[in-house]
Amino acid sequence: MTDDLPGRFRTLWDEIAPIGRDAGSGGYLRYALTEPELELRSWFRSQADRRAMPVTEDGNGNLFAHWGDPEAGDAVLTGSHFDSVPHGGAYDGPLGIVSAFLAVDELRAAGVAPGRPLVLGAFVEEEGARFGVPCLGSRLLTGALAVDRAAGLRDAAGVSFAEALGDQPAGARPELLGRFGAFVELHVEQGRALVETDAPVAVASAIWPHGRWRFDVVGEGNHAGTTRMADRRDPMLTYAFTVLAANKEARLRGAHATVGRVAVEPNATNAIPSKVTGWLDARAADPETLSGLVDAVRGKVAERARRDGTAVTLTEESATPLVAFDGGLAGRLAALLDAPVLPTGAGHDAGVLAAHLPTAMLFVRNPSGVSHSPAEAATDADCAAGVRALARVLEELICR
């Protein structure tokens, strides 16, 4: 393997670091198929071209760079995504793509001759920040999401996914999916477990079941100054109760519940709202706990709505079951790397692909423990350790 990998990581990382960065927050606005993400997709193509790796698209917005015959089977797939949450961190997603290119460099410098093709992937709309459904590209590829539903998803400006893509998505691609024999995704850790264990890299064991639910609370819009408190049908009260109820029920169950997005109509300071829409992100260690959490919130909110004189509906927008990564593969990689094995509460494209092929994840230490925020971090030395770990894993898979 070559020397000064931290320096080479920094050089490549600096090429993408300014793209989509907000000067005010320091976070990133890299929404799927918008200008910053399109610039990163162009960068992906240029990096693949430098390495003589032909790039193909799957018709769903996902990009693939190939080391070996693009149509050959039993390929090892690695990579991640470019898109971010609003004002998100730098490493969530792009680290897996940059590390994959550098891992190819490491393997080639070591004279590795692959016995299986290696494919680098960049999946579209993993965060769901623009069109509302996370892991959209991988869900389409695997057939987990219907084409018509995906095509009609709209962003805040009313632009549909099909319009942003420039065509109707292709949907399930079993012939393409069948060419992959394994998937390994490297990702920055979204927590502090590696800080506490003093290890730069870990192997994932499972992803908690999780989902997103939309609350639509309808009341009666009216004047803030002339409507008596006793006469109000204020959906904001019901919504505020929803946030508190979700927090309480999650804490009672050792689960996670977050309400981080809200839309208010008419959104005027001196008007009682006519409608409030909010989104609940709920996660738990097992499906029973998750469904119990959502059911408890639904019941409490329905009762509160009756008292407030409002109407509330709860709509499931996405749901991901418990994903236990291939135990044999995870154990094999943990032994190869002498690395700890950790579960995660965060969703990933790996979680979608795990239902179709042997899948594993590697985590790189995040000293801040913070993710989906500008405070997300990783040192160049740890990122280099991640590249070395990924290169070892890929060599193990493509040569044996």
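Biologist: Which side chain meets R332 in a salt bridge?
Modeller: E396, at 3.2 Å from N to O. A salt bridge here is a side-chain nitrogen of Lys or Arg within 4 Å of a carboxyl oxygen of Asp or Glu. R332 lies in helix 11 (residues 327-337) and E396 in helix 13 (residues 380-399), so the pair ties together parts 64 residues apart in sequence. Helices are DSSP runs of H or I, at least four residues long, numbered from the N terminus.

Biologist: What kind of model is this?
Modeller: A predicted one: local features need pLDDT of at least 70, side-chain atom pairs count only at pLDDT 80 or more, and totals for chains, interfaces and linings use all residues. Residues are numbered from 1 along each chain as its sequence is written, and side-chain values use heavy atoms, with hydrogens and water left out.

Biologist: Back to the pair. Is E396 buried or exposed?
Modeller: Buried, at 15% relative accessibility. R332 is partly exposed, at 36%. Buried means under 20% relative accessible area, exposed over 50%, and partly exposed in between (1.4 Å probe, protein chains only).

Biologist: Helix 10 next. What does D295 pair with?
Modeller: R298, with the closest N and O atoms 2.7 Å apart. They sit three residues apart in helix 10 (residues 287-308), so about one helical turn separates them. D295 is partly exposed at 46% relative accessibility, and R298 is partly exposed at 36%.

Biologist: Why does that spacing matter?
Modeller: An α-helix has 3.6 residues a turn, so residues three or four places apart point the same way.

Biologist: What about R306?
Modeller: Its side chain meets E303 in a salt bridge, 2.7 Å from N to O. R306 and E303 also lie three residues apart in helix 10, about one turn. R306 is exposed at 58% relative accessibility, while E303 is partly exposed at 34%.

Biologist: Switching to helix 1. Which residues are buried there?
Modeller: L5, F9, L12, W13 and I16. They cover an arc of only 100° around the axis, which puts them on the same side of helix 1. The arc is that of the directions from the helix axis to the C-beta atoms.

Biologist: What covers those buried residues?
Modeller: The cover includes helix 2 (35-50), helix 3 (94-109) and helix 13. Contact means heavy atoms within 4.5 Å.

Note on methods
Helix = DSSP H or I, 4+ residues; strand = E, 2+ residues; numbered from the N terminus.
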